[in-house]
Amino acid sequence: MGLAAAQNLIQAMPTAIAIVRPENHVLAELLMATGLQVFSCGALEREMADSLAAAVRYSSAFAAADEGLLIALADMPFIRPATILAVANALTSGAPIVVPTYQSQRGHPVGFAAKFRDELESLQGDEGARSILKRHASEVYTLACDDPGIVADIDTLSDLKA
């Protein structure tokens, strides 16, 4: 699943970073083979925000300080590359935060302008970037798209079958 998500991401974003748990060598190798830059979280960094903060830290080696960030999840393998690119383009066009929607449901990937780097890097816990979206609700641009993959979060085998 992570590999499928990575392949869609790399088609749209040739420079992309994946964060894996230190013990997950097989996944790291598969992701590197797709062209992603792969890094590990620290052994004690197990929450969603830990991975996200690590990705932001590592991204500074690959992106200019004024470039935004696109946050994609490994358990969402059905997002079309064209949708990922549309979110990136909206961000590049000046939207501070870009959230794609499908039939009025918010989805992923979410784009953040460079001004949110420090906040993203400081995240903690299992909430991910949701707290930033709440604090900056007036800066969120919703991008309507016709891609059900943006809301297809696969957490269980029954999710995948659906």
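Accessible areas here come from the Shrake-Rupley method with a 1.4 Å probe, and for residues only the protein chains shown count as cover. On that basis, the accessible surface of the protein chain comes to about 8800 Å². Carbon and sulfur atoms hold 53% of that surface. The model is predicted: local features need pLDDT of at least 70, side-chain atom pairs count only at pLDDT 80 or more, and totals for chains, interfaces and linings use all residues. Residues are numbered from 1 along each chain as its sequence is written, and side-chain values use heavy atoms, with hydrogens and water left out.

Start with the overall fold. The protein chain has 7 helices and 7 strands. These are DSSP runs numbered from the N terminus: helices are H or I with at least four residues, strands are E with at least two. From the N terminus on, the order is α-β-α-β-α-β-α-β-β-β-α-α-β-α.

Next, the dimensions. The C-alpha atoms fill a box of roughly 40 × 35 × 30 Å along the principal axes. The radius of gyration is 15 Å, which agrees with the value near 15 Å for a compact globule of 162 residues. That radius is taken over C-alpha atoms, and the globule rule is 2.2 Å times the number of residues to the power 0.38.

Now the interior. Of the 162 residues, 41% count as buried. Buried means under 20% relative accessible area, exposed means over 50%, and partly exposed lies in between (1.4 Å probe, protein chains only). A contact means heavy atoms within 4.5 Å. Among contacts between residues at least 6 apart in sequence, 63% join residues at least 24 apart.

Helix α1 spans residues 2–12. Its buried residues are G2, A5, A6, N8, L9, I10 and A12. What covers them includes α2 (25–34), β3 (69–71) and α4 (81–92).

V98 is buried, at 0% relative accessible area. Leaving out residues up to four places away in sequence, V98 touches V87, A90, L91, P109, V110, G111, Y141 and L143. The C-alpha atoms of V98 and F112 are separated by 6.6 Å, and these two residues are 14 apart along the chain.

Turn to charge. The chain carries 11 positive and 19 negative side chains. Lys and Arg count as positive, Asp and Glu as negative; His and the chain ends are not counted. The centres of the two sets lie 3 Å apart. Each charge is placed at NZ of Lys, CZ of Arg, CG of Asp or CD of Glu.

Side chains of opposite charge can pair when their charged atoms come close. A salt bridge requires a side-chain nitrogen of Lys or Arg within 4 Å of a carboxyl oxygen of Asp or Glu. A search of the whole structure finds 3.

One joins R80 and D147 at 4.0 Å, N to O. R80 sits in the loop between β3 and α4, and D147 in the loop between β7 (140–144) and α7 (157–161), 67 residues apart. R80 is partly exposed at 41% relative accessibility, whereas D147 is buried at 1%.

Another joins E139 and K115 at 2.4 Å, N to O. E139 lies in the loop between α6 (130–135) and β7, and K115 in the loop between β6 (110–112) and α5 (117–121), so the pair ties together parts 24 residues apart in sequence. K115 is exposed, at 55%.

E119 and R135 also meet in a salt bridge, at 2.8 Å, N to O. This pair links helix α5, which holds E119, to helix α6, which holds R135, 16 residues apart. E119 is partly exposed at 24%, and R135 is exposed at 51%.
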